[in-house]
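Colleague: I would like to go through this model with you and ask what stands behind each label. Please set the values against the cut-offs as we go.

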Amino acid sequence: MKALDWLDHRTGYKRLLHETLFENVPGGARWRYVWGSTLAFCFMVQVVTGLALWLAYSPSSQTAWESVYYIQHEMWGGWFLRGVHHYTAHAMTVLLVVHLMQVVIDGAYKAPREFNFWSGIVLLLLTLALSLTGYLLPWDQKGFWATKVATNIAAITPVIGPSLQKLVVGGNDYGHHTLTRFFALHAGIIPGLIIAFIVGHIYLFRKHGLTPKLPKRRPDAAFWPDQVLRDAVACLAVLVVVLFLVFRYHGAELGAPADPSEPFSAARPEWYFLFLFELLKYFPGGTEVWGAIVLPGLLMAVLAAMPFIGNWKLGHRFNLAFLWAMMGGVAALTFLAIGADRSNPNHTIAVRTAEQEAHRAVVLARGPDGIPITGAVTLLRNDPLTQGPKIFAKSCASCHRYDGHDGLGGQPKDKASAADLKGFASRAWLTGLFDPAKVDGSLYFGDTAHKRGKMVKYVKEDVASLDDAGKKELAQAIVALSAEARLKAQREQDRQDEALIATGTKALIGTKLSCIDCHRFHEDGEELGTAPDLTGYGSREWIVGIITNPEHQRFYGAKNDRMPAFGEEKQLTPHEIGLVTDWLRGEWYEPAAKKPE
Amino acid sequence: MDTPSAPDSAPPPAGDRREFLTKAAAIAIGGAITAVPPIAGLCVFLDPLRREASAGASVLVASLSALTEGGEPRKFPVLADKVDAWNRATNVPVGAVYLQRLKDNKIRALNVVCPHAGCFVDFRPAQNKYHCPCHDSSFGLDGAILDPKSPSPRPLDELPVEIRKGTEVWVTFQNFRAGEHKKIPV
Ligand code: FES
């Protein structure tokens, strides 16, 4: 005890403690007084988890996504930490609104508490600014595109807009300095302001005391212990909800790395900003400033004027009605936005694609090569599984199909007019090619000029009339020809069937099947120029060759039917041709344990 | 222990000249030392303002044979040099354009960025129009605003095209400020 007295003499802590704990609660403890404390609790959680995230976060356009990925997927409990930070931010927004409603309903904004009310509104806005800046930091597609819309809207602010945008973005375009600036705002400037305003807010709250809910049910009591217990229970409830969400969704979402050249149709802000997003749809060209800036500004002005309006006879009623109307409007717009997206199939597809790319980025990041110095965005740009279908849909699908679709699952406007390339050069695909019933069907040569060519005639006549021995030879030859492609999916089979392939090769150059009467196969057969070369048929090099120039001697020569020389004419870069080739051949990275998608 | 003396309890000696000078000096020095750190920071804070809008550069985007006369618009990435603060990257995607080949070897190039708030617009072949997935602006094939209720303040941004050597499609690529009636380069 003596030691504590000594301490008290030098610090005066007892008085401070007494003031903190024995604050008078008029009418005794009540549940409706807990909201402020839950918010203080949330803020504390954010500061602690935010600092922990800071230990591992790196703000630059080559490292932001990468460091967040590392936190989320590689670090001990990283997903949990991110999850708590993310969902507590949501909880804080909800609690702020509840706190505001409670203050207005109880009339706690009236004189002499004006400054307390205003500091509360500033805190609300600062917290929303924290959400907005935090959304960009992972530098994923979603955060990138949604924030881009937000900063473009900031730019329409009259007079200062364009400069404001430049200052926030750190230049003319998004890049390193956008992240460093957003991070400084998110982790330094805004939290600093929030702390200052919280101090003021609590100081004023203590100065004027609690606004009692009348009539008082019980005699006045001290803050400790009854109200403290209620506050603690409320904070616990908030925490339980947050933890539930963290476990339910396994932490916070992380999309694919931001790519300014990759369209992202699923760009949406965080759910509590959806109402603003939706509101913009109702302001036709040029009037946007009314919806994005003037209207929200006016609503805020009315909110700030509430203490004055409250002095008027019906003022309190007006304030209540205004608040409820505003909340109703926000809720209605939010539901409209969600409803519009739900009923929009394009949005559903965009969201699904976004999820697939996010997942793929993580698979590649965890692959044997890891993330290159240039950042994770190059992982997806160089990934056949991600780019192949897109290139196919853009450049190939006006004639070809892949398993009946355009590579991405859609249907092009033009009817298919060339072979379906799913499983090209595989045993199954070749077996179909040599089926007299199929060769001139739409999966093979049906809709091309080759329909009346020698190959179709050969399959329809010569192959159709093969005897059993001939049929067997054909089957062997197909295995041998398919082995030329060295397909990943057949690698094991090809290794086992080594003897079969040797026999098949003989059949291929044999007189019975007479393939080499037209084709060339390694050392045997015709000179190039009559029919496509079968040497290395379907291999990477062969497919790259035919896409680059189908009119080359090795391929269709002058008999080429409408297929452009994608490489020669520079319609596709060598890199793109490589990607679509690898994709057609099923040649992309898959983690060992999982089965291919 | 003594009761601590309150610092502001001393009576102000009125009209004392020396006292006035002391106050003035304290305020002046205090103000000066407080002003230096923010001024030091302000310069770096304002630095982005001196970054000028970049002039559009002519970029080879596609070969003429990739476009069929009277065909649908097709999207092409625009590869160019890009400076991001301390990094300079060559030949990286800086944006994208829709190219459409009209009659007489004319090419129409439209920037894919929505003039409303910067989302990528989609081409919808089924309806033969462009549509923005963000706030539903819709544009005709020539980029004109189709629905007068569209939030976009102007048509899609058309870019100058040049055909060189008879086969190469060069586009002068440029982005423009969103949300404005006029095309203001950024
Ligand atoms: S960004 Fe295109 S409509 Fe808003």
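Modeller: Start with charge: Lys and Arg count as positive and Asp and Glu as negative, while His and the chain ends are not counted. With that, chain B has 22 positive and 20 negative side chains. The centres of the two sets in chain B lie 5 Å apart. Note that this is a predicted model.

Colleague: How many positive and negative side chains does chain A have, and how far apart are the centres of the two sets?

Modeller: Chain A has 60 positive and 57 negative side chains, with 11 Å between the two centres.

Colleague: Which domains are assigned in chain B, and how far apart are their centres?

Modeller: The assignment gives domain 1 (14–51) and domain 2 (58–172). The C-alpha centres of these two domains of chain B lie 52 Å apart.

Colleague: What is the secondary structure of chain A, and what makes chain A more spread out than a compact globule?

Modeller: Chain A has 23 helices and 4 strands. For 597 residues the globule rule gives 25 Å; the radius of gyration of chain A is 34 Å, well over it, so the conclusion is that chain A is more spread out than a compact globule. The C-alpha trace of chain A spans about 110 × 60 × 45 Å along its principal axes. Three ranges are assigned as domains: domain 1 (23–265), domain 2 (268–343) and domain 3 (385–584). The C-alpha centres of domain 2 and domain 3 of chain A are 61 Å apart.

Colleague: Why does A:Ser514 count as buried?

Modeller: Buried means under 20% relative accessible area. A:Ser514 has 18% relative accessibility, so it counts as buried. A:Ser514 is in the loop between α21 (498–509) and β3 (520–521) of chain A, and its phi is near 55 degrees, a positive value in a residue other than glycine.

Colleague: Is B:Lys165 buried or exposed, and how do you know?

Modeller: Exposed means over 50%. At 72% relative accessibility, B:Lys165 therefore counts as exposed. B:Lys165 also has a positive phi, about 55 degrees, although it is not a glycine. Its loop runs between β9 (161–164) and β10 (168–173) of chain B.

Colleague: What share of each chain counts as buried?

Modeller: In chain A, 48% of the 597 residues count as buried. In chain B, buried residues make up 37% of the 186 residues.

Colleague: Which residues does a cis peptide bond join in chain A?

Modeller: One such bond joins A:Leu214 and A:Pro215, with omega about -10 degrees. A:Pro215 sits in the loop between α9 (176–208) and β2 (221–222). Another cis peptide bond joins A:Trp224 and A:Pro225, where omega is about 0 degrees. A:Pro225 is found in helix α10 (residues 223–248) of chain A.

Terms used:
Residues are numbered from 1 along each chain as its sequence is written. Chains are lettered from A and ligands numbered from 1 in the order in which they are written. This is a predicted model: local features need pLDDT of at least 70, side-chain atom pairs count only at pLDDT 80 or more; totals for chains, interfaces and linings use all residues. Side-chain values use heavy atoms; hydrogens and water are left out. Helices (H or I, at least four residues) and strands (E, at least two) are DSSP runs, numbered from the N terminus. The radius of gyration is taken over C-alpha atoms; the globule rule is 2.2 Å times the number of residues to the power 0.38. Buried means under 20% relative accessible area, exposed over 50%, partly exposed in between (1.4 Å probe, protein chains only). The place of a charge is taken as NZ of Lys, CZ of Arg, CG of Asp or CD of Glu. Domain bounds come from an automatic or database domain assignment.
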